[in-house]
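Subject: Structure handover

Hello,

Here is the structure you are taking over. Please open it next to this message and follow along.

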Amino acid sequence: MSSWKSLLLRLGEKCPEYAGNADFKDQIEACYSAVRRELEHSGDDIFPFLLQCAEQLPHKIPLYGTLVGLLNLENEEFVAKLVENAQINLQDALETGKCNKIRILMRFLTVLMCSKVIQPSALVVIFECLLSSSATTVDEEKGIPSWQARADFYITCILSCLPWGGAELVEQVPEEIERVMVGVEAYLSIRKRVSDAGFSVFEDIEETNNAVNEKDFLEDLWSRVQDLSSREWKLDSVPRPHLSFEAQLVAGKSHDLAPVSCPEQPGPSGVLSGIAFGRQKHEAELKYPQRIRRLNIFPSNKTEDIQPIDRFVVEEYLVDVLLFLNGCRKECTSYMVGLPVPFRYEYLMAETIFSQLLLLPQPPFKPTYYTLVIIDLCKALPGAFPAVVAGAVRALFDKIADLDMECRTRLILWFSHHLSNFQFIWPWEEWAHVLDLPKWAPQRVFVQEVLEREVRLSYWDKIKQSIENTPALEELLPPRGGPQFKYSEEDGTDPTERALSVELKDMVKGRKSAREMISWVEENVFPAHGFDITLRVVVQTLLDIGSKSFTHLITVLERYGQVIAKICTDDDQQFKLISEVSSYWQNSAQMTAISIDRMMSYRLISNLAIVRWVFSSSNLDRFHVSDSPWEILRNAVSKTYNRISDLRKEISSLERSVVLAEEAASRARYQLDSAESKLSIMDGEPVLGENPVRIKRLKSYAEKAKEEEVSVRESLEAKEALLARAVDEIKVLILSLYKGFLTALAEPLNDAFRDGTLRPSGQADEMNIDLEDSSVMDLDKDDGGRPKKSYSHPNGSREINGYNLDGKQQWCLSTLGYLKAFTRQYASEIWQNIENLDAEVLTEDAHPLFRKAIYCGLRRPLDE
């Protein structure tokens with residue numbers, strides 16, 4: 001990498017490129033000198049690289065803005081070109097809806113204004129453009145209120161620029177910026193408050209209506225900006241290096257910034273039906289998502305020295321670093337611990353990372369990424385961050401009963417993975433009290449599931465050793481035994497069945513084909529012993545052969561899956577097949593899930609059979625004490641959903657390929673026609689057409705281009721047919737899934753919550769709990785001790801040492817939580833089939849809590 005590139009990339013860092021000097025002023029001067037020397041020779045390379053640095057290292061934008069301001073004094077033409085490209089990129093981002101690029105480029109333009117590179121009035125024009133578009137969108141008559149997510153995003157972009165340039169705007173164009181602020185306030189008065197009901201990490205389904213009184217993210221940001229304004233726009237988290245060069249920068253030329261335009265309204269204005277409005281709203285929220293939902297898991301005294309706007313800025317820094325450096329963990333960690341702020345922010349960093357890990361409906365990246373980041377941060381800050389992470393775990397554990405079920409699952413997976421990187425060391429004695437709780441208590445289930453996941457990542461004896469200081473917890477470890485083969489020598493099973501199993505094993509050892517095995521089953525086993533024994537012998541024996549490893553299992557299913565497919569041809573038989581797999585792997589939830597998942601991949605088991613089995617009587621009692629049935633159900637629905645997603649991506653790619661193939665065929669045909677239409681002289685005589693050799697070559701090109709076009713079209717038609725079948729499949733699956741939930745929940749909900757709320761029958765008077773007390777915890781113990789104050793939960797009965805919900809009540813809460821999680825996760829497909837759900841599931845007879853869980857997951861108004 002050339003020296004000017006290294007200096008640009010490492011600007012603001014204490015690194016060898018700057019001889020360890022961390023002073024911003026000295027670094028900017030050194031970088032400016034190097035870049036200025038290269039402008040004449042490498043100007044076309046410098047400005048895109050500089051723009052890329054600003055876009056992908058946004059926490060350094062003030063430094064890059066000051067550098068551009070200094071370059072403006074030396075080479076106005078270069079800076080004018082850079083400003084023009086920034087404007088073009090912003091316009092392109094607005095048209096394509098690239099949220100992060102819009103936000104970062106607006107911040108960059110704001111900083112350029114601070115460095116006298118662009119006029120403040122030009123920046124205000126962009127603000128007013130976004131503001132006008134937002135106000136039009138939420139207008140009931142002229143706009144499309146269902147797309148409020150886009151309007152809110154535009155206003156968020158305006159407000160988030162002010163920490164970087166509010167002081168300069170107020171100083172230089174006070175009337176214009178005041179007009180913008182008044183416009184923002186007016187917009188806030190006409191928009192609808194966004195409720196986080198159903199999407200909050202700590203949300204009880206009963207609290208949906210109470211959430212209306214809380215500020216949403218945009219209102220909270222507005223209050224932080226107002227607080228910043230009242231403090232004369234002074235904040236600690238944004239460096240202002242341009243002030244060190246103010247005397248020089250003022251002599252520079254301020255460039256014109258071409259105006260930008262917001263995209264047209266995404267559809268005609270007017271009143272929409274409830275379902276049409278919901279679909280559009282969901283589409284808008286997918287395209288313009290809320291990038292952070294603040295997670296307050298530590299007591300306020302841990303961050304009391306950080307001003308409200310500084311917290312917002314640091315969160316922006318952290319989320320941006322996680323976003324742009326997701327492919328390089330070491331760089332990501334380095335930047336996260338070296339943000340340009342003068343205060344400590346370990347607690348805020350932990351809360352922000354956990355907020356991304358637990359973000360609903362899904363995190364921006366796979367959870368494993370956040371696990372690795374946390375591990376690297378613990379290694380980078382060994383004296384501070386491990387204790388902060390431990391405090392976060394304890395805080396989340398204390399609130400586990402109120403944690404969203406999807407978040408609870410993610411937390412279990414993260415924590416077990418995290419511990420596996422630190423030799424499974426944890427002070428388990430702190431949680432020994434869970435053994436005194438009922439088996440369905442969320443804290444007990446959490447510890448049990450973490451231990452089960454640890455066994456998957458290691459082995460049983462190792463995990464038993466890790467809890468040797470609390471040997472009583474061995475009760476929560478999963479069973480140690482391996483598979484339960486019914487025809488082992490020790491078992492007193494039917495000798496006839498055992499003989500059949502031995503014969504089948506000999507056939508496998510003898511490399512008999514699947515066809516030969518099918519003939520043996522059809523001629524010798526099924527007629528004499530019936531379906532049940534045939535299924536049991538074949539499945540138990542093949543699973544036992546494949547039980548040594550995952551690879552063995554795959555090999556067996558690939559070679560002899562046809563045998564199972566021949567036996568189990570309908571959902572009833574596949575239901576029994578799943579039961580047999582579950583029986584064989586009853587001591588291993590992991591292998592049960594893997595086996596069923598692989599069988600579904602090979603089309604030996606249908607998703608409908610899996611849904612039916614999960615909601616069968618043998619599994620209902622486990623809904624609130626184990627994640628095992630839910631893991632199997634998640635895998636089945638996810639596989640079906642992913643199949644549709646993949647097909648849609650392939651179709652989108654093929655549609656582009658068709659266009660390209662049509663253009664190529666059209667060009668080839670044109671060239672051929674053009675060549676054939678020309679007159680040429682051959683042997684002294686005029687002849688129609690060019691050189692015959694060239695004509696032949698062009699004909700060949702035209703024929704190949706046409707064949708390619710036909711081939712791509714046929715591929716597209718085949719994929720569209722597959723998609724149509726997959727859409728029909730998921731339509732039936734969704735209906736079956738929700739009917740399963742409806743049937744399972746109907747009676748228990750009526751017994752446990754007769755009045756339609758989450759107040760257990762006979763306990764209504766116990767529900768009045770002061771929620772303010774729930775955040776009072778002291779986790780700052782250097783010795784890693786437990787919190788000094790126990791946690792009080794808002795339902796009055798979920799306390800650390802006072803849990804008293806009965807099994808049926810907890811069963812209902814857990815199952816409703818999973819129902820909401822499935823609805824939220826697959827909302828896109830559910831909205832496409834909402835009419836069927838309304839007609840067959842969400843009828844008047846449906847329990848209010850059942851309806852509320854689905855509506856929360858869809859963000860659908862409860863009064864619709």
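**Salt bridges**

The structure holds 62 salt bridges, a salt bridge being a side-chain nitrogen of Lys or Arg within 4 Å of a carboxyl oxygen of Asp or Glu. Before the details, note that this is a predicted model, in which local features need pLDDT of at least 70 and side-chain atom pairs count only at pLDDT 80 or more, while totals for chains, interfaces and linings use all residues. Residues are numbered from 1 along each chain as its sequence is written, and side-chain values use heavy atoms, with hydrogens and water left out.

Two terms come up throughout. Helices (H or I, at least four residues) and strands (E, at least two) are DSSP runs, numbered from the N terminus. Buried means under 20% relative accessible area, exposed over 50%, and partly exposed in between (1.4 Å probe, protein chains only). The areas themselves come from the Shrake-Rupley method with a 1.4 Å probe, and for residues only the protein chains shown count as cover.

As background, side chains of opposite charge can pair when their charged atoms come close.

- Arg329 and Asp376 meet through their side chains in a salt bridge of 3.0 Å, N to O. This pair links distant parts of the chain, 47 residues apart: Arg329 is in helix H13 (residues 329-337) and Asp376 is in helix H15 (residues 367-380). Arg329 has 31% relative accessibility and so counts as partly exposed, whereas Asp376, at 5%, counts as buried.
- Glu475 and Arg444 also meet in a salt bridge between their side chains (2.9 Å, N to O). Because Glu475 lies in the loop between helix H19 (460-466) and helix H20 (495-509) and Arg444 lies in helix H18 (residues 442-457), the pair ties together parts that are 31 residues apart in sequence. Glu475 is exposed, with a relative accessible area of 53%, but Arg444 is buried at 9%.
- Asp572 forms a salt bridge with Arg612, and their closest N and O atoms are 2.3 Å apart. Asp572 is in helix H23 (residues 571-584) and Arg612 is in helix H25 (residues 607-614), so this pair ties together parts that are 40 residues apart in sequence. Asp572 counts as partly exposed at 45% relative accessibility, and Arg612 counts as partly exposed at 40%.

Besides these pairs, there is a network of salt bridges that links Asp220, Arg224, Arg294, Arg311, Glu315 and Glu351.

Helix H12 (residues 308-324) has 17 residues and reaches 25 Å from its first C-alpha to its last, close to the 24 Å expected at 1.5 Å a residue. The expected span is 1.5 Å times one less than the number of residues in the helix. H12 is mostly covered, with 14 of its 17 residues buried.

Helix H16 (residues 385-398) has 14 residues and reaches 20 Å between its first and last C-alpha, close to the expected 20 Å. Twelve of the 14 residues of H16 are buried, so the helix is largely enclosed by the rest of the structure. Among the buried ones are Phe385, Val388, Arg394 and Asp398.

**A contact across the sequence**

Leu816 lies in helix H29 (residues 807-825). Is Leu816 buried or exposed? It is buried, with a relative accessible area of 3%. The C-alpha atoms of Leu816 and Met405 are separated by 9.0 Å, and these residues are 411 residues apart along the chain.

**A charged patch**

On the surface, Glu655, Glu714, Glu717 and Glu720 gather in a patch of negative charge. A patch is made of residues with over 30% relative accessible area and no salt bridge, with like charges joined within 9 Å. Asp and Glu count as negative, and the place of a Glu charge is taken as CD. Helix H28 (residues 692-752) gives the largest share of the patch, three residues. Glu655 is found in helix H27 (residues 628-677) and counts as partly exposed at 40% relative accessibility.

**Backbone exceptions**

Most residues other than glycine have a negative phi, and most peptide bonds are trans.

- The peptide bond from Leu360 to Pro361 is cis, with omega near 10°. Pro361 is in the loop between helix H14 (346-357) and H15.
- Lys116 is not a glycine, yet has a positive phi of about 65°. Lys116 is in the loop between helix H5 (99-114) and helix H6 (120-138).
- Arg511, not a glycine either, has a positive phi of about 60°. Arg511 is in the loop between H20 and helix H21 (514-545), and counts as exposed at 60% relative accessibility.

Regards

Key. Patch = residues over 30% accessible without salt bridge, like charges linked within 9 Å, V, L, I, M, F, W, Y side chains within 5 Å.
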